[in-house]
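Subject: Structure for you to look at

Hello,

Please find the structure below. My notes on it follow.

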Amino acid sequence: GTEFLRLFLRHILPKGFNRVRFSGFLTNSQKTKKLKLIHRLRNTIYKGNPVKELKTADLMMLLFQRDICHCSKCSGTLIHLPRGVPLTALQF
């Protein structure tokens, strides 16, 4: 038990220190702003995230060349149901 506590306490940072993954130049809240600055300083064009606006089905098609909206066994099509709406309120 003592050895476990010693190893566990090695992962606790002293007061005033921050974890690098939560701060730094690519922290989530500043990532786009900093990447644009990096590209400007390097005289390159920032293109952004090419898959940010893709829907899940389109991303799966791009990555795996597989249409997840069609069943491979029955050739049926996926029905998109809105979130938060009870099934009894939907009309097919």
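Of the 92 residues in the protein chain, 3% count as buried, where buried means under 20% relative accessible area, exposed means over 50%, and partly exposed lies in between (1.4 Å probe, protein chains only). This is a predicted model, in which local features need pLDDT of at least 70 and side-chain atom pairs count only at pLDDT 80 or more, while totals for chains, interfaces and linings use all residues. Residues are numbered from 1 along each chain as its sequence is written, and side-chain values use heavy atoms, with hydrogens and water left out.

The mean pLDDT (the predictor's confidence in each residue, from 0 to 100) is 83 for the protein chain, and 93% of its residues reach 70 or more.

The protein chain has 3 helices and 0 strands; both are DSSP runs numbered from the N terminus, helices being H or I of at least four residues and strands E of at least two. Among these elements, mean pLDDT is lowest in helix 3 (residues 56–64), at 89, and highest in helix 2 (residues 31–41), at 91.

As for overall shape, the radius of gyration, taken over C-alpha atoms, is 23 Å, whereas a compact globule of 92 residues would have one near 12 Å. That globule rule is 2.2 Å times the number of residues to the power 0.38.

How many disulfides does a search of the whole structure find? There are 0, a disulfide being a pair of cysteine sulfur atoms within 2.5 Å. For Cys-69, the nearest cysteine sulfur is that of Cys-71, 12 Å away. Cys-69 counts as buried, at 15% relative accessibility. For Cys-71, the nearest cysteine sulfur is that of Cys-74, 3.7 Å away. Cys-71 is partly exposed, at 35%.

Regards
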